[in-house]
Amino acid sequence: MSPARATSARAVAEAVRADVLAGRLAPGTPLREEALAAAHGVSRHTVRSALAVLVAERLVTYEEFRGARVARLDDDEVRALQDLRAALECEAVRLLATRHPDGWPPSVTQVLTAAVDALGATDPDDWPAVERAHAQVHVALVEAAGSPRITEAYRALTAEMHLLLLHARRHYDVPALVAEHTAYLADVRRRGPAAVREHLTHLAALLRTGR
């Protein structure tokens with residue numbers, strides 16, 4: 001792929017991603033190559049490259065003969081995502097405790113406090129920004145373990161995490177998220193991986209019962 005086409009594909013992917021995570025494209029919405037190519041002034045090949053990026057992020061699904069659609073985050077997919085997040089986040093928390101047996105150092109506490117403060121400072125009308133700030137709280141916790149591979153694997157899930165919070169939007173506002181994640185980090189500090197599993201299971205259950 002030429003540099004110009006790669007740049008165009010990234011721009012299309014960013015635009016479609018933004019529409020999905022803002023809720024402007026509902027789950028199941030068809031993503032027609034011809035329409036996207038016309039809207040963005042690019043070729044269908046460029047659109048295909050952009051959609052392939054979003055398929056890899058699990059924001060878009062693709063079926064032969066049916067084409068691409070905005071992903072539906074059904075109960076099985078929510079459970080699978082939370083199971084994978086739990087595996088990575090629990091291991092990160094375990095490593096963090098192993099490396100700091102006398103308790104979290106001030107540097108870790110400061111980073112996590114700053115992440116929660118940034119969540120609290122987001123514009124409640126800019127839900128995509130809330131999604132990003134929420135994900136960063138969890139990413140900061142994983143990063144604190146000091147395992148680049150675990151962090152890399154966890155960061156690969158951030159687009160799905162954004163989508164998850166979009167589906168949970170009616171259950172939360174910014175103050176509720178701040179309160180929940182302040183309590184969550186305190187609980188992780190006390191109980192470790194058990195707190196992680198409880199937190200992630202709670203959100204999955206909330207989405208199931210709220211559909």
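## A network of salt bridges

Four residues, Glu33, Glu34, Arg44 and Arg48, are linked in a network of salt bridges. The model is a predicted one. Side chains of opposite charge can pair when their charged atoms come close.

One of the pairs in this part of the structure is Glu33 with Arg44, whose side chains meet in a salt bridge with an N to O distance of 3.1 Å. Glu33 belongs to helix H2 (residues 33-40) and Arg44 to helix H3 (residues 44-56), so this pair ties together parts that are 11 residues apart in sequence. Glu33 counts as buried because its relative accessibility is 15%, under the cut-off of 20%. Arg44 has a relative accessibility of 37% and counts as partly exposed.

## Other salt bridges

Over the whole structure, a search finds 12 salt bridges. Among them is the pair formed by the side chains of Arg190 and Asp187, at 3.3 Å from N to O. Both residues lie in helix H9 (residues 174-191), where they are three residues apart, about one turn of the helix. Asp187 is buried, with 14% relative accessibility, whereas Arg190 is exposed, with a relative accessible area of 62%.

Another salt bridge joins Arg66 and Glu63, with 3.6 Å between the closest N and O atoms. Arg66 is partly exposed at 44% relative accessibility. Glu63 is also partly exposed, its relative accessible area being 40%.

## Positive phi angles in two loops

Arg58 is not a glycine, yet its phi is positive, at about 65°. Arg58 sits in the loop between H3 and strand E2 (60-63). With 56% relative accessibility, Arg58 counts as exposed, because the cut-off for that class is over 50%.

Phe65 also has a positive phi without being a glycine, in this case about 75°. Phe65 is placed in the loop between E2 and strand E3 (67-70). The relative accessibility of Phe65 is 81%, so this residue counts as exposed.

Note on methods: Residues are numbered from 1 along each chain as its sequence is written. This is a predicted model: local features need pLDDT of at least 70, side-chain atom pairs count only at pLDDT 80 or more; totals for chains, interfaces and linings use all residues. Side-chain values use heavy atoms; hydrogens and water are left out. Helices (H or I, at least four residues) and strands (E, at least two) are DSSP runs, numbered from the N terminus. Buried means under 20% relative accessible area, exposed over 50%, partly exposed in between (1.4 Å probe, protein chains only).
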